Amino acid sequence: MNTTAIRKQTSFRLNSELIDKLRQEAKRHNRSLNNYVESILMAFMAEKPNEVTLAAMKEAENSGNLETLDLDNFRSFVDSL
């Protein structure tokens, strides 16, 4: 299995304070700045729901069968455990 991703060089203009913070975090995680920023962007993109998930969410919202949670009762339940 080929796990080598095709990479394309690009450039961005970012706030210098942001770059400094990113460099510090990358160093703390023992990663390169490039690798750290790429992993953040990949994680962000993975959180975005795909078309199937969005359709399911819309269907659930429109079904009228969604239950609501009474937080006071839930807290009482958790406290009783």
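Is asparagine 30 buried or exposed? At 71% relative accessibility, asparagine 30 counts as exposed, because the cut-off for that label is over 50%. Keep in mind that this is a predicted model. Here's a quick tour, starting with that residue and moving on to the helices.

**Asparagine 30 and its loop**
- You'll find asparagine 30 in the loop that links helix 1 and helix 2, just after helix 1 ends.
- Its backbone is worth a look: phi of asparagine 30 is positive, near 55°, and this residue is not a glycine.
- As background, most residues other than glycine have a negative phi.

**Helix 1**
- Helix 1 covers residues 16-28, which makes 13 residues.
- From first C-alpha to last, helix 1 reaches 18 Å, close to the 18 Å expected at 1.5 Å a residue.
- Asparagine 15 caps the N-terminal end of helix 1, with a side-chain oxygen 2.7 Å from the backbone nitrogen of glutamate 17.

**Where helix 1 meets helix 2**
- Helix 2 takes in residues 33-47, and its axis comes within 9 Å of the axis of helix 1.
- The two axes cross at roughly 100°, and angles of 65 to 115 degrees count as roughly perpendicular, so that is the label for helix 1 and helix 2.
- On the helix 1 side, the contact uses Leu22, Arg23, Glu25 and Ala26; on the helix 2 side, it uses Leu33, Tyr36, Val37 and Ile40.
- Sorted by class, this contact has six nonpolar residues, two charged ones and no polar ones.

**Helix 3**
- Helix 3 runs over residues 51-63, and its 13 residues should span 18 Å at 1.5 Å a residue.
- The end C-alpha atoms of helix 3 are 18 Å apart, which agrees with that expectation.
- At the N-terminal end of helix 3, the cap is asparagine 50: one of its side-chain oxygens lies 3.1 Å from the backbone nitrogen of valine 52.
- Past the other end, helix 3 is followed by glycine 64, which has a positive phi near 75°.

**Phenylalanine 74 in helix 4**
- Phenylalanine 74 sits in helix 4, residues 71-80.
- With a relative accessible area of 38%, phenylalanine 74 is partly exposed, because that value falls between the 20% and 50% cut-offs.
- Phenylalanine 74 and asparagine 35 are 39 residues apart in sequence, and their C-alpha atoms are 42 Å apart in space.

Terms used. Residues numbered from 1 in each chain as written. Predicted model: local features only at pLDDT ≥ 70, side-chain atom pairs only at ≥ 80, totals over all residues. Heavy atoms only, no water. Helix = DSSP H or I, 4+ residues; strand = E, 2+ residues; numbered from the N terminus. Expected span 1.5 Å × (residues − 1). Polar contact = N/O pair within 3.5 Å; in protein donor to acceptor, adjacent residues only side chain to side chain. Axes fitted to C-alpha atoms, helices over the stretch in contact; angles between N-to-C directions. Parallel < 35°, antiparallel > 145°, perpendicular 65-115°, else oblique. Contact = heavy atoms within 4.5 Å. Nonpolar A, V, L, I, M, F, W, Y, C, P; charged D, E, K, R; others polar. Buried < 20%, exposed > 50% of the residue type's maximum accessible area, 1.4 Å probe, protein only.
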